[in-house]
Amino acid sequence: MDLGYTTAQLRAAASDAVRAPSLHNTQPWRLRLRDGGIEVLADPARRLPATDPSGWGVRVACGAALFNLRVALAVAGVPARVRLRPDPAEPDLLARLVPDIPRRPTPAEQSLHAAIPRRFSNRLPFWPDPVPSEARWRLGEAARAEECWLEFLIGVSAVTAFGEIARSAHRVLERDPAYRAERERWLRREPAPDGVPVAAGGPQYEPQDVLPTRGFGGRDRAPGRDFEPEPLVGVLGSVGNTAIDQVVAGQALQRVLLTATDSGLSVSMLSQPIEVPTAREQLRVSLGRFGAPQMVLRIGYGQPGRPTPRRAVDEVLDYPIRSR
């Protein structure tokens, strides 16, 4: 077994890690090499105090970046053993990866890795084609592989009930001027390596829509027309809601997203009912599931699109340091 990872291996894997999703595309992670291990840290400078005061979104995003790191290292033949939150004295240190026994990548790892550069959040309306049961099963298995669960809301009544929870949470958030100002700060009308481009914002939300959308400056629609009358909605959840559970949920989220991409599906995320504590509890009770909802997914077949920009790898790397 090798003594540790190299800077070259970190840089190569980091180019995939930065493709993970994050709230407002803030990309709130840093990566460093220490004593041969790759470490994933939350970046305090990129937290969203109004949208994500607890840091839940940062930890989920870093978990998604961690999953990309795991897949990239496995495909490179240098898989990792992962320890979550290895140092209680350093709360921003969310994971440490050290080399495991070298092996050849599995076909599943290769497929997931190939999906990383193709994955993007599709905020446009999806086509009416139903998602087959086999594809839904694959997504559920992806969540279970990361010790999480994915509950699909089947039927008009289930989706309508969820829509009421989500719209209520959306109204709560929109009443906060700091929340609206924060969203506006991360809206990009000119080319930028972070934030949400106006072109990727999707159509504007209207009161008759089943599900609320964030409102990133997208196009207006014809009055009275539904955004998407019968969406497939999935709720991703974890066993608990500790900081470690949230990092685990981020890894599960990314495995589900990459599995969806590999299956030809489009996905966008709705986090408003997760961001409002009362709505989150309502959602948990309505599902009758043990654990904590961590993200809501809208899933279907959609128009082709492109990933939003990412910062250069050098901007997220810290220089190698050694323990004293």
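The points below treat the basis of the note, the cavities and a helix pair.

1. This is a predicted model, in which local features need pLDDT of at least 70 and side-chain atom pairs count only at pLDDT 80 or more, while totals for chains, interfaces and linings use all residues. Residues are numbered from 1 along each chain as its sequence is written, and side-chain values use heavy atoms, without hydrogens and water.

2. The whole structure holds 2 cavities of 30 Å³ or more. A cavity is a set of points on a 1 Å grid over the protein atoms alone where a 1.4 Å probe fits but cannot get out, and lining residues have an atom within 4 Å of a point. Points are joined across faces, edges and corners, and a volume is the space filled by probe spheres set on them.

3. The largest cavity has about 580 Å³ of space. Its lining comprises 36 residues, with S22, S121, R123, F216 and M269 nearest the centre. Helix α2 contributes the most, 5 residues; helices (H or I, at least four residues) and strands (E, at least two) are DSSP runs numbered from the N terminus.

4. The second largest cavity has a volume of about 50 Å³. Residues lining this cavity include S22, R46, R47, D52 and A61.

5. The axes of α1 (residues 7-17) and α2 (residues 56-75) come within 8 Å and cross at roughly 130°. Axes are lines fitted to C-alpha atoms over the stretch in contact, with angles from 0 to 180 degrees between N-to-C directions. Contact (heavy atoms within 4.5 Å) involves residues including A13 and A17 of α1 and L69 and L73 of α2.

Note on methods
1 Å grid on protein atoms, 1.4 Å probe; cavity = no way out; pocket = protein on both sides within 12 Å on 5 of 7 lines; lining within 4 Å.
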